[in-house]
Structure formats: structure tokens, C-alpha cells
Amino acid sequence: MDRDHLPRFTAAAVQAAPVYLDPAATVDKAVALIAEAAAGGAELVVFPEVFVPGYPYWNWTMNPVQGSPWFERLQRASVDIPGPHVDRLRAAARRHGIVLVIGVNERAPHSLGVLYNTLLTIGPDGELLGVHRKLVPTWAEKLTWTGGDGSSLVVHHTPVGPLGVLACGENTNTLARFALLAQGELVHASCYIALPVAPADYDMAEAIAVRTAAHSFEGKVFSVVACSTVSPEIVDALAGDDEELRKQFTRPRSALSGIFGPDGRPVTEPLVDEEGIVYGEIDLARCIQPKQMHDIVGHYNRFDVFRLEVDNRPRTPVTFTAPAAPTAPATPVPSEEDV
């Protein structure tokens, strides 16, 4: 990033529902929304958490035995990285010249029982810049997802500035947020799901706004927050004829999306509950003056008193101490004449 010419651009936060448990159709919808956002002038487009192919709401409404067949459906509908669904998203980012952040359910290559809540960061040339696996699945989510590791707590240098990403409840993790800020983050993507199944006194829209404002104000950064919605098809699939569940799935103030500035205030009116795209102007020069007052990764800290150490080594299920045995040379397939 040229600090003499700080980026100024339009960001788009997409608030939408997936085509539930249908990855191909959900990617089709994402590609169409990317085109719409780019036509609206957006250079950064942020989608919700696990947008492809949806969120495991059954963890909140069923016991683990009842939810197990749904886990299998999600596993079968999830995304391989690399894979054809990711390739289509990369192509869409390249076609429209945008930086893209989007959430997917990622299948682990080594186990049919491992799914990750993953955020993809894709550059305007289609390059896959980052694959961030949510560090700690929240509450009931532990029935579905395996936690990631510290290797993906990375700030990416993009045409829209230094960009970091976190998924949903990670935005309450002070140390994870600080790890991004300390790498020079100036643009933060927060990706959420609508949570109508939360406790009755929990206002998800307010919770998202509070968290987003807090990170923006503390770090003096811009935040783009994108949240999913709950479509009628999701309600039909998971609630069926249960009127209490249907009422719960349709409760208001379960989703909020928008763009927040380094003063912690929205730069434009956030979108609550309804599907749509929120656009906002980001001028990174606005991050300079607030940092003179509070720069928690600079003069407003005591690094002789506090120290954060991040283990950013990738974690694998097995480590071999000796090189793999050489494979035998391929034996030619005999022809019919040889038999």
C-alpha cells in the first residue's frame, strides 16, 4: 500500500440467504450478487459466514442424534479447497476486478468427519489470498465444526488496503482482533449468520452492531460486516409443522449488515433482517487522525508490560519423521498382443 495515496473506494456488504444445502445454486446466487455489487461500484464485496451452502441451525433446535443426518447432508454439500465451487468464485472476482470475502463450509481433505467454518479472501486477479478457519466454533456449533489454527490469522495486502477477516463470535475474541490490528489491518471483514434461535433476550442485530463498532473504534479501522438471512425455504426445511419453531426462525432483529468507520459509527444506515446490499464509502485517510489519540498497536500501549505471542504453525493430524517410502515404478498395462 502506498501510504502517500491511501485507498478510497466503495465497499459492499451482502445480506442474503443461501440456497440451503445446495452449493452449486448458492454459488450461482453469489456470482449474481457479485456482479450486482460490482455494477454498483464496489471494489470490496463481503458475504456472510458459511454462505455456501448454509448454517447448521439444527444444532440449536434438535438433540445430537436427531441432528446427525443433517450433519451428513451438510458434509455432502460442503466445499473442497481447491475445488470447482471455489474456482467459480475466484473467476467471478477476477471477472469483476473486486476483492471478495465469502464464508463456506470446508471439507477437510483427510477426514469425512471434519468440517471447518472457513472464510475465503480472493483478490481482484482471482488469486486465493487466504483460507481462514474459525478458531473456536461457538456454543452449539461445536457439534458441526472443528476449530482452525493460528496460521490463518493473517492481514492480506490488497488494492483496497490491509484486510483482515474474522467469523461471527471471533469478533468478540480480543486477542484474535489484536493479532490482526498489530499486523497493520485497516479494513476488517466481519462475517455473521442470522441467529433467530438465540436466547429470547438476545438481540442479534444489536450484538453485531456493538461488536463491529467496538473493533472499528478500538483499532481506528473500517469494518464491513455481512450477515445472512433466514429464507422461507430454511424455515420450511427445519421447522416443518412446528409452529413454535417457525415463530422462532422468523423473529425480528436477527441480522444486521453495514459499514462502520474508525469512529465506531456506521458510514451509512445498516440493513436489518431484509435481503439486500449495503454500500459505503471507505477512505483510509480517515484512520490517521483518530490514531493520534488512541493507537493500541503503537503509542497507546505498553509493550514492556504486555506481550501477545501467536502460534501460527499449521496443525496437521499426523507428522511423519522419516521421508515417505519411494513408490514403485508404474508397470505398463499389457496390450492384447502381449496376453
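A: Start with Lys220, which counts as buried at 3% relative accessibility. Buried means under 20% relative accessible area, exposed over 50%, and partly exposed in between, with a 1.4 Å probe and protein chains only.

Q: Is this a predicted or an experimental model, and how are residues numbered?

A: It is a predicted model, in which local features need pLDDT of at least 70, side-chain atom pairs count only at pLDDT 80 or more, and totals for chains, interfaces and linings use all residues. Residues are numbered from 1 along each chain as its sequence is written, and side-chain values use heavy atoms, with hydrogens and water left out.

Q: Back to Lys220. Where is it?

A: Lys220 is in the loop between α6 (204-219) and β9. Helices (H or I, at least four residues) and strands (E, at least two) are DSSP runs, numbered from the N terminus.

Q: What about the phi of Lys220?

A: The phi of Lys220 is positive, about 60°, although the residue is not a glycine. Cys168 is also a non-glycine with a positive phi, of about 50°.

Q: Where does Cys168 lie, and is it buried or exposed?

A: Cys168 sits in the loop between β7 (161-167) and α5 (174-181). Cys168 is buried, at a relative accessible area of 7%.

Q: You mentioned β9. Which strand does it pair with in the parallel sense?

A: Strand β9 (residues 222-227) pairs in the parallel sense with strand β8 (residues 187-192), over six bridges. Two strands count as paired if DSSP finds at least two bridges between them. Within this pair, Tyr192 has Cys227 of β9 as its bridge partner.

Q: How many residues of β9 are buried?

A: Six of its six residues are buried. Phe222, Val224 and Ala226 are on one side of β9 and Ser223, Val225 and Cys227 on the other, so both faces are covered. In a regular strand the side chains alternate between the two faces of the sheet.

Q: What is the strand order in the sheet?

A: The order is β6-β7-β8-β9-β10-β11, an open sheet of six strands with mixed pairing. Its edge strands are β6 (156-158) and β11 (271-272), each of which pairs on one side only.

Q: Different topic. What do β4 and β5 form?

A: They form a hairpin with five residues between them. Strand β4 (residues 115-122) and strand β5 (residues 128-133) run antiparallel and are joined by five bridges. Thr118 has Arg133 of β5 as its bridge partner. In the turn, Gly126 has a positive phi of about 90°.

Q: And cis peptides. Which residues does the one at Pro53 join?

A: That cis bond joins Val52 and Pro53, with omega about -10°. Pro53 is in the loop between β2 (42-46) and α2 (58-61). The peptide bond from Ile81 to Pro82 is cis too, with omega near 0°, and Pro82 lies in the loop between α3 and α4 (84-96).

Q: Now the segment before β1. Is Arg3 buried or exposed?

A: Arg3, in the segment before β1 (8-15), is exposed, with a relative accessible area of 70%. Arg3 and Ala285 are 282 residues apart in sequence, yet their C-alpha atoms are 9.1 Å apart in space.

Q: Fine. Zoom out: how many helices and strands are there?

A: The chain has nine helices and 12 strands. Its radius of gyration is 21 Å, close to the 20 Å that the globule rule gives for 339 residues, so it is as compact as a globular protein of that length. That radius is taken over C-alpha atoms, and the rule is 2.2 Å times the number of residues to the power 0.38.

Q: What does the C-alpha trace span?

A: Along its principal axes it spans about 80 × 55 × 45 Å.

Q: And how much of the chain is buried?

A: Buried residues make up 49% of the 339 residues. Of the contacts with a separation of 6 or more, 72% are between residues 24 or more positions apart.

Conventions:
Contact means heavy atoms within 4.5 Å.
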